[in-house]
Amino acid sequence: MKLGSSFVVPADHKRVFAHFLDPDTMRVAIPGAAELVRSDSTHYRGKLVNEIAHVKFSAGFSAEITELTEPEEVKALLKGEDHKLGSSIKIDARLGVQPEGDSSSKVDYSLDVAIWGKIGRMGESIVRRRSQEVEREFVAAFAEICAAGPPGPDNPGLASVIAKREGPKKRVAETPAGAAAPAKESWWRRLLAKLFGGKK
């Protein structure tokens with residue numbers, strides 16, 4: 001399966017390219033990236049947790065930079081495997097960055113994806129649709145981080161992206177807990193009022 005697209009990032013192309021090589025940026029920007037560390041200048045390893053058509057997968061993966069032309073192009077080979085699902089993935093990736101105006105950059109990428117096992121049997125249309133959703137999330141997060149400053153753990157965009165992702169989860173988790181008790185009490189009061197005419 002071949003995937004590819006392009007998008008514009010509001011930052012200088014040298015900064016954008018540096019962010020693509022930065023594990024802190026990519027760990028936060030990639031939806032579902034639970035871990036990502038750089039072993040050396042050309043090797044990365046990590047863990048990706050995501051969901052496709054209600055099937056959750058958790059895959060350890062490795063990435064190797066096979067060609068690097070800074071700050072214009074990088075090619076890499078990614079391999080991952082989810083032992084529980086018996087699924088594996090291999091991605092040949094190419095990414096290019098070039099100036100787009102005075103303070104923006106155009107990013108274009110192409111992916112040659114091979115998937116085996118349960119995930120692979122879901123069909124290309126399902127995997128492609130989920131990939132497009134992940135791309136939209138990634139582009140928004142990556143652009144915000146790049147615009148916030150150079151790569152590194154002190155980039156304020158990292159905390160901002162994390163807060164936006166965790167905010168809705170916290171509201172969903174906290175609101176029912178805070179609202180459940182009053183709602184139940186109100187329901188019982190109404191029931192007592194009907195049964196006993198308002199007398200306790």
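**Salt bridges, then one serine**

In this predicted model, I first looked up K164 and E144, whose side chains meet in a salt bridge with an N to O distance of 3.0 Å. I placed K164 in helix α4, residues 156–196, and E144 in helix α3, residues 124–148, so this pair ties together parts that are 20 residues apart in sequence. For K164 I noted a relative accessible area of 53%, and because exposed means over 50%, K164 is exposed. E144, with 24%, is partly exposed.

The next entry concerns D112, which forms a salt bridge with K2, the closest N and O atoms lying 3.2 Å apart. Here D112 belongs to strand β7 and K2 to strand β1, residues 2–9, so the bridge ties together parts of the chain that are 110 residues apart in sequence. I recorded D112 as partly exposed, at a relative accessible area of 34%, whereas K2 counts as exposed at 61%.

I then turned to E73 and R94, whose side chains meet in a salt bridge at 3.0 Å, N to O. This pair links distant parts of the chain, with E73 in strand β5, residues 73–82, and R94 in strand β6, residues 87–99, the two being 21 residues apart. I noted that E73 is partly exposed, its relative accessible area being 27%, and that R94 is also partly exposed, at 22%.

My last entry is on S105, which I located in strand β7, residues 105–116. Is S105 buried or exposed? Its relative accessibility is 0%, and because buried means under 20%, S105 counts as buried. I looked next at the polar surroundings and found that a polar atom of the S105 side chain lies 2.8 Å from the backbone nitrogen of H13. Leaving aside neighbours within four places in sequence, I listed the contacts of S105 as F7, V8, V9, A11, D12, H13 and V16, together with V97, Q98, P99 and E100.

Key
Residues are numbered from 1 along each chain as its sequence is written. This is a predicted model: local features need pLDDT of at least 70, side-chain atom pairs count only at pLDDT 80 or more; totals for chains, interfaces and linings use all residues. Side-chain values use heavy atoms; hydrogens and water are left out. Helices (H or I, at least four residues) and strands (E, at least two) are DSSP runs, numbered from the N terminus. Buried means under 20% relative accessible area, exposed over 50%, partly exposed in between (1.4 Å probe, protein chains only). A polar contact is a pair of N or O atoms within 3.5 Å; within protein, one must be able to donate a hydrogen and the other to accept it, and residues adjacent in sequence count only if both atoms are side-chain atoms. Contact means heavy atoms within 4.5 Å. A salt bridge is a side-chain nitrogen of Lys or Arg within 4 Å of a carboxyl oxygen of Asp or Glu.
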